[in-house]
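Please keep the sequence and the model in view while reading.

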Amino acid sequence: MTLDDVADELYGLDPGEFVEARTKHAKAAREGNDRALATEIGKLRKPTTVGWLVNLISRDLPEELEALLALGESLRDAQRHLSGADLRKLTTQRQQVVRSLAHKSGEIAASRGKSVGEDALRDVAQTLNAALADEETAELVRLGRVVTAASYSGFGPAGLAVVKGKSQQHAPKEPAEVPQTPKTKTPDVEAERARVKAELKEARAGVEKVRRRVKAETTQLEDARSKLSDLDRRIEELRADLEHAEQERQFAENTEKAAGVAVRESEEELREAERRVEEAEESLDEME
């Protein structure tokens, strides 16, 4: 058993099964006196829903994923050669294929009994776009061991959380230093500074978006807890009512049994009285 074997299995599982399976394999490695492997297995991170969805694409739709990654190579070539017409055409194709694969990942998850929201599918699309923008990221997505969502900022390699194994994740290359005079910044530095500012603005907008979502979800959580509390109280009330009703039923059942006995005794007395009446009438007739 190698780390590759274990990672291939773990990152193909439902996230809810990940921890238990990881623990099992780490224990097996320790029992096999391979503590180094056990340690490496223990470091494998449980994938988020988005990471799991991307891994589903890698495993269930390998041909479509390869077609998309090949399209990414064409896009990068068009960018290098500044082919505007080709770039626009390929960009349209990219958007269509990315949306299709993201949607299919949701369908695969649904077939496995898991429902995912639109936010997760958008993050899947964002991760696929990151793979299209950077060759190293594309290779990491191809492995099918994504842990969480990736994003591409528009310059430099895209960052992506993955598991090392068949291919090692390379550290992002440090940008080459741009020569500049003590007083004047070069155009490249100015352009990069503008890009960084744009990225910061986008990141802040993302924070606000997440903050609003957290607030809305917190409200939903509080509403759900309140409803759950109300239902618990109602259940207790119904249980008390049920207990009271069962006691009343037991009392009614005992009363019914006692009344049945009384009716049978009274019927017996009635038959005895009627017999005495008949005997008396017969004696009277004989005397007359």
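A residue counts as buried when its relative accessible area is under 20%, as exposed when that area is over 50%, and as partly exposed in between. With a relative accessibility of 29%, Val 97 therefore counts as partly exposed; its place is in helix H6, which spans residues 84-111. The C-alpha atom of Val 97 is separated by 8.6 Å from that of Glu 64, although the two residues are 33 apart along the chain. These values, like those that follow, come from a predicted model.

**The chain as a whole**

The chain holds nine helices and zero strands, so that, read from the N terminus, its elements run α-α-α-α-α-α-α-α-α. Of its 288 residues, 25% count as buried. Among the contacts between residues at least 6 apart in sequence, 62% join residues that are at least 24 apart.

Helix H1 covers residues 3-10, and its buried residues are Val 6, Ala 7 and Leu 10. Because these residues cover an arc of only 95 degrees around the axis, they lie on the same side of H1.

The crossing of H1 with H2 is right-handed. On the H1 side the contact is made by Val 6, Glu 9 and Leu 10, and on the H2 side by Phe 18, Ala 21, Arg 22, Lys 24 and His 25. By class, the residues of this contact divide into four nonpolar, one polar and three charged.

**Helices H2 and H3**

H2 and H3 pack at an angle of about 165 degrees, with their axes 7 Å apart, and the two helices are therefore roughly antiparallel to each other. Their crossing is left-handed. In this pair, Arg 22, His 25, Ala 26, Ala 29 and Arg 30 of H2 meet Arg 35, Leu 37, Ala 38, Ile 41 and Gly 42 of H3, a contact that has five nonpolar, two polar and three charged residues.

Which residues of H3 are buried? They are Leu 37, Ala 38 and Ile 41, and because they cover an arc of only 100 degrees around the axis, they are placed on the same side of H3. On the other side of H3, Arg 35, Ala 36 and Lys 43 are exposed. The buried residues of H3 pack against H1 and H2.

The loop between H2 and H3 contains Asn 33. The phi angle of Asn 33 is near 60 degrees, a positive value in a residue other than glycine. With 71% relative accessibility, Asn 33 counts as exposed.

**Helices H7 and H8**

Helix H7 (residues 118-133) and helix H8 (residues 135-143) pack at an angle of about 130 degrees, with their axes 5 Å apart, and they are therefore oblique to each other. Ala 130, Ala 131 and Ala 133 of H7 make this contact with Glu 135, Thr 137, Ala 138 and Val 141 of H8. The residues involved divide into five nonpolar, one polar and one charged.

| Helix pair | Angle between axes | Axis distance |
|---|---|---|
| H2 and H3 | about 165 degrees | 7 Å |
| H7 and H8 | about 130 degrees | 5 Å |

**Arg 59 in helix H4**

Arg 59 lies in helix H4 and, with a relative accessible area of 29%, is partly exposed. Leaving aside its neighbours within four places in sequence, Arg 59 is in contact with Ala 7, Asp 8, Tyr 11, Gly 12 and Gly 144; of these, Ala 7 is also one of the buried residues of H1. The C-alpha atoms of Arg 59 and Arg 142 are separated by 9.0 Å, while the two residues are 83 apart along the chain.

How values were computed. Residues numbered from 1 in each chain as written. Predicted model: local features only at pLDDT ≥ 70, side-chain atom pairs only at ≥ 80, totals over all residues. Heavy atoms only, no water. Buried < 20%, exposed > 50% of the residue type's maximum accessible area, 1.4 Å probe, protein only. Helix = DSSP H or I, 4+ residues; strand = E, 2+ residues; numbered from the N terminus. Arc of directions from axis to C-beta. Axes fitted to C-alpha atoms, helices over the stretch in contact; angles between N-to-C directions. Parallel < 35°, antiparallel > 145°, perpendicular 65-115°, else oblique. Left-handed = near helix turned anticlockwise from the far one by under 90°. Contact = heavy atoms within 4.5 Å. Nonpolar A, V, L, I, M, F, W, Y, C, P; charged D, E, K, R; others polar.
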